[in-house]
Amino acid sequence: FYGLQPKMTVLEFAPGEAWFTELLAPALAKQGKLFATTTNPNGPKDDRMTFYAERFKMFLDRAPEAYGKVEPVVITPAAPKLPMEGTLDMVVMMRAMHGVVNAGSLDKWLGEMHKALASNGILAIEQHRANEGAVPEVSSKKGYLPEKWVIAKVEAAGFKLVAKSEINA
């Protein structure tokens, strides 16, 4: 992760199957702090978001020595709100941006992330890249977004592009 330091306070947005949690939690355990968004694991049993939240809770609970310091932040995807204004050093959004585009809440989430970050905070994004010229609302359904569009959306939310990588290209 570009700029990750062991003393940072980091929010992992939409950890999915927790692949990045497995990397971030040990790196931040001694001196830093890792938060991770999740939905309510005690929500309606027939709701897919409840299933994802239960799965993430079970992941954290199965290895408390590794993940016991990860602090879940329960969110409502349709009502973007992060209760940590100006306190985060980094927000990581790994292969999750297309999901908030699909939900129609990208601009609101980017605004919340911008407010949650301290000055000079970092928004780190990894996202599958659609072909240039792709319609984001269409390509997002398959998990892809056009790079120029992503950069424009993020900059419109108040962020400045500092670096990018072709490591996954």
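A residue counts as partly exposed when its relative accessible area falls between the buried range, under 20%, and the exposed range, over 50%. The exercises below apply this to a predicted model.

**Exercise 1.** Classify Arg-129 and Glu-166 as buried, partly exposed or exposed, and state how their side chains meet.

*Solution.* Begin with Arg-129, whose relative accessible area is 39%, so that this residue is partly exposed. Continue with Glu-166, which has a value of 44% and is likewise partly exposed. The two side chains meet in a salt bridge, with 3.2 Å from N to O. This pair links distant parts of the chain, since Arg-129 belongs to strand β6 (residues 129–130) while Glu-166 lies in the segment after α7 (147–156), 37 residues apart.

**Exercise 2.** Determine which kind of aromatic pair Trp-19 and Phe-20 form.

*Solution.* In this model the count comes to five aromatic pairs. For Trp-19 and Phe-20, the ring centres are 4.8 Å apart and the planes stand at 80°. An angle over 60 degrees counts as edge-to-face, and therefore this pair is edge-to-face.

**Exercise 3.** Describe how Phe-56 and Phe-59 are arranged, and whether each is buried or exposed.

*Solution.* The rings lie 6.3 Å centre to centre with 15° between the planes, and the pair is stacked. Both residues sit in helix α2 (residues 48–62), three residues apart, which is about one turn of the helix. Phe-56 has a relative accessible area of 4% and is therefore buried, and Phe-59, at 6%, also counts as buried. Together with Tyr-67, Phe-56 and Phe-59 form one aromatic cluster.

Key. Residues numbered from 1 in each chain as written. Predicted model: local features only at pLDDT ≥ 70, side-chain atom pairs only at ≥ 80, totals over all residues. Heavy atoms only, no water. Phe/Tyr/Trp six-rings, centres within 6.5 Å; stacked < 30°, edge-to-face > 60°. Helix = DSSP H or I, 4+ residues; strand = E, 2+ residues; numbered from the N terminus. Buried < 20%, exposed > 50% of the residue type's maximum accessible area, 1.4 Å probe, protein only. Salt bridge = Lys/Arg side-chain N within 4 Å of Asp/Glu carboxyl O.
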